[in-house]
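Hi everyone, thanks for coming along. Please have the sequence and the structure open while I talk, and stop me whenever you like.

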Amino acid sequence: MGEHSRAKTAEFLAGRAELWANGRDFTYAIVLDGAIVGACGLFRREDTPDEVREIGYWLHPAATGRGLATRTARALADEAFRLPGVEAVEIVHDPANRASGAVPARLGFTEHLRRPAEVLAPAETGEELVWRLTKERASAQ
C-alpha cells in the first residue's frame, strides 16, 4: 500500500513546480469549505502518446459522495483540451474501485482498454481499466 507520511508528501510537493513549469504535470488541491480534502492532477506518463493526458483524483473518504471527483474530472478534461495538441484524456483505475469508475462513465468517457497492473493494496485486482474521452466527443456533448 502507498505510504502517506509527511516525508513522502513533502517529497511529492517538492517536484511539482518543475513539472508544472515544463508543462508535463499539473497538480491541484481539491478544496471544500476552505479545507483541502483531496488532490487532483493532469499529467502524461512516459509511455503515453504526446496527444493524451491522464486525469487523476484522490479524495479523503469524508469528502466522497458529493460529486467533487466528477466536477474535478470535468474541469481537468476541459483544461486538458485547451493545451496545444491534446486530443484525448484518460482516467485509469482498478476495476474493483467502482466509485472511481463511476466518474468517467458519468462524463461520457468510454472504456478504452484493460492492462495488467502491480497490486499495491489488498483489494486491488492486478488490472487497470483505462477510460478515454476524445476532444471531438467532448465537444459534441
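Let's begin with β3 and β4, which run parallel and are joined by four bridges. One of the pairs to look for is Arg53 with its bridge partner Val89 in β4. Before going further, please keep in mind that this is a predicted model.

Now zoom out to the whole sheet. Six strands make up an open sheet with mixed pairing, and the order to follow across it is β1-β2-β3-β4-β6-β5. Which strands stand at the edges? They are β1 and β5 (110–116), and each has a single partner strand, so one side of each has no neighbour in the sheet. From one strand to the next, the twist averages 25 degrees.

For the antiparallel case, go to β1 and β2, which are joined by eight bridges. Thr27 has Gly41 in β2 as its bridge partner. The two strands form a hairpin with two residues between them, and Asp33 in the turn has a positive phi of about 50 degrees.

While we are on strand β1, have a look at Tyr28, which lies in it. Is Tyr28 buried, exposed or partly exposed? Its relative accessibility is 31%, so Tyr28 counts as partly exposed. Beyond its neighbours within four places in sequence, Tyr28 is in contact with Trp20, Gly38, Ala39, Cys40 and Leu76.

With 13 residues, α3 reaches 18 Å from its first C-alpha to its last, close to the 18 Å expected at 1.5 Å a residue. The helix lies across β1, β2, β3 and β4, and runs at about 155 degrees to β3.

On to the core. The largest nonpolar core has 25 residues, and those touching the most other members are Ile55, Tyr57, Ala73, Val89, Ile91, Val103 and Phe109. Several elements supply at least two residues each, including β1 (25–32), β3 (52–59) and β6 (127–134). Which element gives the most to this core? The answer is α3, with six residues. As for Phe109, leaving aside neighbours within four places in sequence, its contacts include Ile55, Val89, Ile91 and Trp131.

Next, find His93, which has its place in strand β4. His93 has a relative accessible area of 7%; anything under 20% counts as buried, so His93 is buried. Its side chain reaches the backbone oxygen of Asn97 at 3.5 Å. Setting aside its neighbours within four places in sequence, His93 is also in contact with Ser100, Gly101, Glu127, Glu128, Leu129 and Trp131.

Let me finish with Ala62, in the loop between β3 and α3. Why does Ala62 count as exposed? Because its relative accessibility is 53%, and the cut-off for exposed is over 50%. The C-alpha atoms of Ala62 and Leu19 are separated by 29 Å, and the two residues are 43 residues apart along the chain.

Conventions:
Residues numbered from 1 in each chain as written. Predicted model: local features only at pLDDT ≥ 70, side-chain atom pairs only at ≥ 80, totals over all residues. Heavy atoms only, no water. Core = buried A, V, L, I, M, F, W, Y, C linked by side-chain atoms within 4.5 Å. Buried < 20%, exposed > 50% of the residue type's maximum accessible area, 1.4 Å probe, protein only. Contact = heavy atoms within 4.5 Å. Expected span 1.5 Å × (residues − 1). Pairing = 2+ DSSP bridges. Polar contact = N/O pair within 3.5 Å; in protein donor to acceptor, adjacent residues only side chain to side chain. Axes fitted to C-alpha atoms, helices over the stretch in contact; angles between N-to-C directions.
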